[in-house]
Amino acid sequence: KSRFAELSKDENVIAKEKRLQRAVNRIKKVTNIAPYSSGIRWIEKNISHKGWFQSTEEIMVALELIRHKVKAYHQVKIFDFTVDFVLPELKVALEVDGAIYHGKDKVQKSALRDEVIADKLGEGYEVVHIRTDNINTNITKLLPAIKAVVRRRRCKY
C-alpha cells in the first residue's frame, strides 16, 4: 500500500468516528443513550468496514435497529444499486434520503429503482424512504414509522 492510501484510510475512519460521535450526541438530545451502548460498541468495532456508515443518519439508523434487535444488512448491492439497509424480518429495503427528490424525471427513476429492488428481494418486500430530517428529529420513531408505511401500503392491495 502507498503512504497516501494508508493516510486516506485513516482519515476515512476518523471521519466515521466523528459521525458516530455526532450520532450519539443527536440521540442523547431525544432519549437516554444507555440502551444504545451495545450498538455503539458494535459500530466502533466495525467502523473501518468499507462502504459502511457513510452518514451520521445511517449510523443513527444502525444504532436504533441494533437497540431493537432488528436483523439488518447494511449497504446491500442489488444489481447496479446499493440499498442502505435490508431488514429481512420486516421485508423492507430502507433508504436514508438526504434530500427530497424534485422533478418528474428523478421521481420516475426512483420509482423504477424501487420496483427493481423490491422485485429482486422477493415477494412482499417494500422499499421505504426515510428522510434524514425525520431521523434527526427523533430517531426513536424510526421503527413505528417504517411499520406504519408498510401497513398502509399493504392495506391498499
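**Note on the sheet, its helices and the salt bridges**

1. Q75 is buried, with a relative accessible area of 17%, where buried stands for under 20% relative accessible area, exposed for over 50% and partly exposed for what falls in between (1.4 Å probe, protein chains only). The model is a predicted one, in which local features need pLDDT of at least 70 and side-chain atom pairs count only at pLDDT 80 or more, whereas totals for chains, interfaces and linings use all residues. Residues are numbered from 1 along each chain as its sequence is written, and side-chain values rest on heavy atoms, with hydrogens and water left out.

2. Two backbone positions deserve a look. Most residues other than glycine have a negative phi. Q75, however, has a positive phi, near 55°, and it sits in strand β1, which covers residues 73–78. K91 likewise has a positive phi near 55° without being a glycine, but K91 belongs to the loop between β2 (81–87) and β3 (92–97), and with 35% relative accessibility it counts as partly exposed. Helices (H or I, at least four residues) and strands (E, at least two) are taken here as DSSP runs, numbered from the N terminus.

3. The sheet is open and has four strands in the order β1-β2-β3-β4, with mixed pairing. Its edge strands are β1 and β4 (126–131), each of which pairs on one side only, and neighbouring strands are turned by 45° against each other on average, direction ignored. Two strands are said to pair if DSSP finds at least two bridges between them. Strands β3 and β4 pair in the parallel sense over six bridges, and the bridge partner of V96 in β4 is I130.

4. Helix α3 (residues 56–67) lies across β1, β2 and β3 and runs at about 25° to β2. Contact in this description means heavy atoms within 4.5 Å; axes are lines fitted to C-alpha atoms, for helices over the stretch in contact, and angles run from 0 to 180 degrees between N-to-C directions.

5. Side chains of opposite charge can pair when their charged atoms come close. With a salt bridge defined as a side-chain nitrogen of Lys or Arg within 4 Å of a carboxyl oxygen of Asp or Glu, the count comes to five salt bridges. One of them joins R26 and E57, whose closest N and O atoms are 3.0 Å apart; this pair links distant parts of the chain, with R26 in helix α1 (residues 3–30) and E57 in helix α3, 31 residues apart. R26 is partly exposed at 27% relative accessibility, while E57 is buried at 12%.

6. E64 is buried, with a relative accessible area of 0%, whereas R67 counts as partly exposed at 25%.

7. A further salt bridge is formed by E95 and R113, with 3.0 Å between the closest N and O atoms. Since E95 lies in strand β3 and R113 in helix α4 (residues 104–121), the pair ties together parts that are 18 residues apart in sequence. Both E95 and R113 are buried, and E95, R113 and D114 are linked in a network of salt bridges.
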